[in-house]
Amino acid sequence: MINRREIKNLFIKKIKSGELKDITLYGSSMLPTIVSGSRLEISTAHDIKVGDIVVANRKSSNVLVIHRVVEIDQNKDKIILLGDNQTASEKECFRGEDVIAKVIKVHSPMVDTNNINLVIDIPFGSPKFFNEKSYQIYQSLINKNKETYF
């Protein structure tokens, strides 16, 4: 039987090889920038800078972390990450080699309510909404999110 660590290691291998180009985020630590269920387009971890959203290998657990880079030391040996939802996240230090991918685009989940489709496409900035109803749907999504891991 395959265990969670083996699954995580398989994901890491496929991400680093470029074979896996998108992943889905589950959790609330990146709210309001990224909602749970969002599909993230990723690329290999190159030219990482403060402000980037990255995927990192948290070696002490069976999860990959998707957080924003807030500090990088001169040698790029240590990278500090923090989720945008700072009530659900704390700064974490990662070795440079543990940052395995860079998020290049976010596709938030579609919601169909009263024939109104909410599609939020965030190439890193504030989400844009079609109208007030879309904004209300988005807010209800945020309020329903709970931290979950694969």
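Where does Ser 89 lie? I looked this up before anything else. Ser 89 is in the loop between strand 5 (78-82) and strand 6 (92-95). I note here that the model is predicted.

**Entry: Ser 89**

I then checked what the side chain of Ser 89 reaches. The side chain comes to 2.8 Å from the backbone nitrogen of Gly 83. I also listed the residues that Ser 89 touches, leaving out those up to four places away in sequence: they are Ser 29, His 67, Leu 82 and Gly 83.

**Entry: Ala 88**

I moved to Ala 88, which lies in the loop between strand 5 and strand 6. The relative accessible area of Ala 88 is 36%, so I wrote Ala 88 down as partly exposed. I looked up one C-alpha distance here. Ala 88 and Ser 28 are 60 residues apart along the chain, and their C-alpha atoms are separated by 7.0 Å.

**Entry: overall make-up**

I counted elements next. The protein has two helices and 10 strands. Along the sequence the pattern reads α-β-β-β-β-β-β-β-β-β-β-α. The protein has 150 residues, and buried residues make up 39% of them. I also looked at the contacts with a separation of 6 or more: residues 24 or more positions apart account for 51% of these.

How do strand 3 and strand 4 run, parallel or antiparallel? Strand 3 (residues 53-57) and strand 4 (residues 64-72) run antiparallel and are joined by five bridges. The hairpin that joins strand 3 to strand 4 passes through six residues. Within this pair I found Val 54 opposite His 67 in strand 4. His 67 had already come up as one of the residues that Ser 89 touches.

I went on to strand 4 and strand 5. Four bridges join them, and they run antiparallel. Val 69 stands opposite Leu 81 in strand 5. The hairpin of strand 4 and strand 5 has five residues between the strands, and in it Lys 76 takes a positive phi near 60°.

**Entry: nonpolar cores**

I looked for the largest nonpolar core and found 16 residues in it. The residues with the most contacts inside this core are Ile 34, Leu 40, Ile 42, Val 55, Ile 66 and Val 103. At least two residues of this core come from each of helix 1 (4-17), strand 2 (39-44), strand 3, strand 4 and strand 7 (99-107). Which strand gives the most to this core? Strand 7 does, with four residues.

Not counting residues up to four places away in sequence, Ile 34 touches Leu 25, Leu 40, Ile 53 and Val 106. Another core lies apart from the largest one and has nine residues, among them Val 54, Ile 79, Leu 81 and Phe 94.

I kept one general point beside this entry. In a regular strand the side chains alternate between the two faces of the sheet.

**Entry: salt bridges**

How many salt bridges does a search of the whole structure find? It finds 10 salt bridges. I looked up three of them.

The side chains of Glu 19 and Lys 14 meet at 2.9 Å, N to O. Glu 19 is exposed, because its relative accessible area is 57%. Lys 14 is at 29%, so Lys 14 counts as partly exposed.

The side chains of Arg 68 and Asp 84 meet in a salt bridge at 2.8 Å, N to O. This pair links distant parts of the chain, 16 residues apart: Arg 68 is in strand 4, and Asp 84 is in the loop between strand 5 and strand 6. Asp 84 has a relative accessible area of 21%, so I recorded Asp 84 as partly exposed.

The side chains of Glu 97 and Arg 95 form a salt bridge at 3.0 Å, N to O. At 53% relative accessibility Glu 97 is exposed, whereas Arg 95 at 40% is partly exposed. I followed the shared partners from this pair. Salt bridges join Lys 59, Arg 95, Glu 97 and Asp 98 into one network.

Technical notes:
Residues numbered from 1 in each chain as written. Predicted model: local features only at pLDDT ≥ 70, side-chain atom pairs only at ≥ 80, totals over all residues. Heavy atoms only, no water. Polar contact = N/O pair within 3.5 Å; in protein donor to acceptor, adjacent residues only side chain to side chain. Contact = heavy atoms within 4.5 Å. Pairing = 2+ DSSP bridges. Core = buried A, V, L, I, M, F, W, Y, C linked by side-chain atoms within 4.5 Å. Buried < 20%, exposed > 50% of the residue type's maximum accessible area, 1.4 Å probe, protein only. Salt bridge = Lys/Arg side-chain N within 4 Å of Asp/Glu carboxyl O.
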